[in-house]
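Please keep the sequence and the structure in view while reading.

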Amino acid sequence: MNDEQIHVFPDLKPLSAAAAERIVGLITDTLNRRDRFTLALAGGSTPRGLYRQLAGPHRTQIPWEQVHLFWGDERYVPPDDPASNYRMAREALLDDVPVPPANVHPMPTTPDRPEKAAAQYEATLRNAFPGETTFDLVLLGLGDDGHTASLFPEDDRATATDDTLPWVRAVEAPPRYDVRIRLTLTLPVINRARQVFFLVAGAAKHDALRAVLERRAPTLPPSHVHPHDSVAWLLDEAARFGTAGKGERERGN
Ligand code: 6PG
């Protein structure tokens, strides 16, 4: 990876708008050179505003028939469960854009064993990316404990990057999480992507963000995210500067 950029915005609204504009530009640029754009969506709540932007003001700027959507992780719940990352993306994006259903690749959560689902999704990915890099873009969030996707610091395999690792794992989130069984992309498949955007907002993320950006804390999975081309950190001031916020920090308060 040869490029890391940090962009700070006053709050989540302009962050989401800027992220949408970057994605539209990246899709346009990519489709000038290749016939599809492959995007791995992030879960959680932060990306919802971005997805609404893509489904709203930017809807007609994207040739949806050439966009293929995947997920970076999923809670092992039915697709209509309130905790489902697929459901969040369906409500915020998929229901309002003409992306062909054949281009939408949710992580399966119906097999009786999550390990089977992980293997199924890995087969989907290896079929989608035969020998080349993987996604044109992977969207990731950051938990206040430093996790990303469902790669948690307590899991000693979460920071592994060797290519012998499976591309998709069934994992158990720490007890503090309501939904503990999850599917997640692993670092080898994330690092085969061309670009990664991290979307991080809120003062609760400040400590974890600093540990990654300023210390490259080796126990935190985001410290090991190194895609082929670049990583862009799209941050709000609260996450970047803490509760003090940029203004007070600059005045040395
Ligand atoms: C998930 C996400 C997870 C998320 C972070 C941040 O399934 O929850 O993949 O990695 O990105 O936990 O979540 P928020 O955006 O809700 O703060």
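**The ligand shell and beyond**

The shell around the ligand divides into two nonpolar, eight polar and four charged residues (Ala, Val, Leu, Ile, Met, Phe, Trp, Tyr, Cys and Pro count as nonpolar, Asp, Glu, Lys and Arg as charged, and the others, Gly among them, as polar). The model is predicted: local features need pLDDT of at least 70 and side-chain atom pairs pLDDT 80 or more, whereas totals for chains, interfaces and linings use all residues. Residues are numbered from 1 along each chain as its sequence is written, and side-chain values use heavy atoms, with hydrogens and water left out.

In total, 14 residues surround the ligand, each with a heavy atom within 4 Å of it. The closest are Thr 46, Asp 73, Arg 75, Ala 149 and Lys 205. A polar side-chain atom of Thr 46 lies 2.6 Å from a ligand oxygen atom, and a polar side-chain atom of Asp 73 is likewise 2.6 Å from an oxygen atom of the ligand. For Lys 205, a side-chain N or O atom is 2.7 Å from an oxygen atom of the ligand. The protein covers 87% of the 410 Å² of accessible area that the ligand has on its own (Shrake-Rupley method, 1.4 Å probe).

Attention now turns to the ionic pairs. There are 16 salt bridges, each a side-chain nitrogen of Lys or Arg within 4 Å of a carboxyl oxygen of Asp or Glu. One of them joins Arg 216 to Glu 4, with the closest N and O atoms 2.4 Å apart. Arg 216 lies in the loop between helix H6 (206-213) and strand E9 (230-236), and Glu 4 in strand E1 (residues 3-9), so the pair ties together parts that are 212 residues apart in sequence. Helices (at least four residues) and strands (at least two) are DSSP runs, numbered from the N terminus.

Key: Polar contact = N/O pair within 3.5 Å; in protein donor to acceptor, adjacent residues only side chain to side chain.
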